Amino acid sequence: MFRRIVPILSVAALASSAVPAMGQRQTLGMLDALDRGSWELRERGGDARNMCLDSGRRLIQLRHAGATCNTVVVQDEADEVTVQYSCRGQGYGRTHIRRETNQLIQLDSQGIVNGVPFSVSAEGRRTGSCPG
């Protein structure tokens, strides 16, 4: 009986590692499609912040930039993503990003960083190439 199970398990393992079928998107593909370059994030009723964006995924952890965090994708649509993340000993957050174009997004993020709550609601707009 064991000999019959091993080939079945091998086929199942190969099938699960196969490339997604045509038409299926990779997780967070919308963020990967955002144009790279210099972006301005303008908080509603607040300041503007400029950043050089090499990947739209950097927008997920604005208040935990550079921290190693565990993430859970809550929503992954063609023009919207929502991601929850937890950074051991540093806090957590939940970020929702809606794409209007590959150069214009709406972002909402809230959570706790080092014991202090934060909430960000901003519009992001590509402004050109990164300096340098």
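Reply: The accessible surface of the chain comes to about 8600 Å², with areas taken from the Shrake-Rupley method with a 1.4 Å probe and, for residues, only the protein chains shown counting as cover. Carbon and sulfur atoms hold 51% of that surface. The model is predicted: local features need pLDDT of at least 70, side-chain atom pairs count only at pLDDT 80 or more, and totals for chains, interfaces and linings use all residues. Residues are numbered from 1 along each chain as its sequence is written, and side-chain values use heavy atoms, with hydrogens and water left out.

Of the 132 residues, 30% count as buried; buried means under 20% relative accessible area, exposed over 50%, and partly exposed in between, with a 1.4 Å probe and protein chains only. The chain has 2 helices and 7 strands, in the pattern α-α-β-β-β-β-β-β-β along the sequence. Helices (H or I, at least four residues) and strands (E, at least two) are DSSP runs numbered from the N terminus.

The 7 strands form an open antiparallel sheet in the order β2-β1-β7-β6-β5-β4-β3, where two strands pair if DSSP finds at least two bridges between them. Strands β2 and β3 (70-76) have a single partner each, so one side of each is left without a neighbour in the sheet. On average, neighbouring strands are turned by 25° against each other, direction ignored; axes are lines fitted to C-alpha atoms, for helices over the stretch in contact, and angles run from 0 to 180 degrees between N-to-C directions.

Within the sheet, strand β5 (residues 91-101) is joined to β6 by 10 bridges, antiparallel. Glutamine 106 in β6 is the bridge partner of arginine 98.

Threonine 82 sits in β4 and is buried because its relative accessibility is 5%. Its side chain makes a polar contact of 2.7 Å with that of histidine 96. Such a contact is a pair of N or O atoms within 3.5 Å; within protein, one must be able to donate a hydrogen and the other to accept it, and residues adjacent in sequence count only if both atoms are side-chain atoms. Beyond four places in sequence, threonine 82 is in contact (heavy atoms within 4.5 Å) with residues including Val73, Arg94 and His96.

Glutamate 43 lies in β1 and is partly exposed, at 29% relative accessibility. Its C-alpha atom is 4.0 Å from that of alanine 122, 79 residues away along the chain. Not counting residues up to four places away, glutamate 43 touches Arg63, Val120, Ser121 and Ala122.

Next comes the packing. The largest nonpolar core has 23 residues, and Leu31, Leu34, Met51 and Ile97 are among those with the most contacts inside it. Such a core is a set of buried Ala, Val, Leu, Ile, Met, Phe, Trp, Tyr and Cys residues joined through side-chain atoms within 4.5 Å. Helix α2 and strands β1 (37-43), β2 (48-53), β4 (80-87), β6 (104-113) and β7 (116-128) each supply at least two residues of this core. The largest share, 4 residues, is from β4.

Methionine 30 belongs to helix α2 (residues 29-33) and is buried at 2% relative accessible area. Beyond four places in sequence, its contacts include Val81, Ile97 and Arg99.
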